Amino acid sequence: MTNTKKTQTSSENSTDNTSEASRVTGPMEVLREARTQLAELTGMEAESVSSFERTEDGWELDIEVLEVSRVPDTMSLLATYHVSLDPQGALTGYRRIRRYERGRSEARRSGGQ
């Protein structure tokens, strides 16, 4: 009877590990999962993903978020959040890297960049 319990426990653990490892299968799932998790943590909806990259540690994304809605809409404040996810798509960290008005473009850099 003890052997049966050990076998069931091992079987249950391998099923849990398999489902976690295959939780996110491709880029679209990663994008959806990142947007959902960031919205849950910050309470702000993601508008778009402006950068997406697979790394050795998982995934790195830059997500554009509406922080303050204003009228007219071109005066609304948006922010870019840099988001890190593990290989399975679980959010491991985020930080705001820029804040800007919707109607304002980035300043050009000098020196041919």
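## Salt bridges

A search of the whole structure finds 5 salt bridges. The model is a predicted one, and every value below was computed from it. The points begin with these charged pairs and then turn to the overall fold, the strands, the nonpolar core and some individual residues.

**E67 and its two arginine partners**

- E67 and R96 form a salt bridge through their side chains, with an N to O distance of 3.0 Å.
- Because E67 lies in strand β2 and R96 in strand β4, this pair ties together parts that are 29 residues apart in sequence.
- E67 also meets R99 in a salt bridge, here at 2.6 Å, N to O.
- R99 belongs to strand β4 and E67 to strand β2, so this second pair ties together parts that are 32 residues apart in sequence.
- How accessible is E67? E67 counts as buried, because its relative accessibility is 17% and buried means under 20%.
- R96 counts as partly exposed at 45% relative accessibility, and R99 is partly exposed with a relative accessible area of 45%.

- D73 forms a salt bridge with R102, and their closest N and O atoms are 3.1 Å apart.
- This pair links distant parts of the chain, 29 residues apart: D73 is in the loop between β2 and β3, and R102 is in the segment after β4.
- E47, D73 and R102 are linked in a network of salt bridges.
- D73 counts as partly exposed at 42% relative accessibility, and R102 counts as partly exposed at 28%.

## Overall fold

- The protein chain has 2 helices and 4 strands, and from the N terminus on its elements run α-α-β-β-β-β.
- Of the 113 residues of the chain, 31% count as buried.
- The accessible surface comes to about 8,000 Å², and 46% of that area belongs to carbon and sulfur atoms.
- Among contacts between residues at least 6 apart in sequence, 39% join residues at least 24 apart.

- How many residues of β3 are buried? The count is 9 of the 9, so β3 is largely enclosed by the rest of the structure.
- L77, A79, Y81, V83 and L85 point one way from β3, whereas L78, T80, H82 and S84 point the other way, and all are buried.
- β2 and β3 run antiparallel and are joined by 9 bridges; the bridge partner of D62 in β3 is H82.
- β3 and β4 (residues 91-101) also run antiparallel and are joined by 9 bridges; the bridge partner of Y81 in β4 is R96.
- β3 and β4 form a hairpin with 5 residues between them, and G89 in the turn has a positive phi of about 95 degrees.

## The nonpolar core

- The largest nonpolar core has 15 residues, and those with the most contacts inside it are L38, L61, I63, V65, Y81, V83 and L85.
- The elements that give two or more residues to this core are α2 (27-42), β2 (58-68) and β3 (77-85).
- In soluble globular proteins, nonpolar side chains tend to be buried together.

## Individual residues

- Q37 is found in helix α2 and is buried, with a relative accessible area of 15%.
- A polar atom of the Q37 side chain lies 2.8 Å from the backbone oxygen of G89.
- Is E45 buried or exposed? E45 is exposed, because its relative accessible area is 60% and exposed means over 50%.
- E45 sits in the loop between α2 and β1 (46-55); not counting residues up to four places away in sequence, E45 touches A39, V65 and L66.
- E45 and R35 are 10 residues apart in sequence, and their C-alpha atoms are 7.7 Å apart in space.
- E101 is found in strand β4 and counts as buried at 18% relative accessibility.
- Leaving aside its neighbours within four places in sequence, E101 is in contact with R70, T74, M75, S76 and L77.

Definitions and conventions
Residues are numbered from 1 along each chain as its sequence is written. This is a predicted model: local features need pLDDT of at least 70, side-chain atom pairs count only at pLDDT 80 or more; totals for chains, interfaces and linings use all residues. Side-chain values use heavy atoms; hydrogens and water are left out. A nonpolar core is a set of buried Ala, Val, Leu, Ile, Met, Phe, Trp, Tyr and Cys residues joined through side-chain atoms within 4.5 Å. Buried means under 20% relative accessible area, exposed over 50%, partly exposed in between (1.4 Å probe, protein chains only). Contact means heavy atoms within 4.5 Å. Two strands pair if DSSP finds at least two bridges between them. Accessible areas come from the Shrake-Rupley method with a 1.4 Å probe; for residues, only the protein chains shown count as cover. A polar contact is a pair of N or O atoms within 3.5 Å; within protein, one must be able to donate a hydrogen and the other to accept it, and residues adjacent in sequence count only if both atoms are side-chain atoms. A salt bridge is a side-chain nitrogen of Lys or Arg within 4 Å of a carboxyl oxygen of Asp or Glu.
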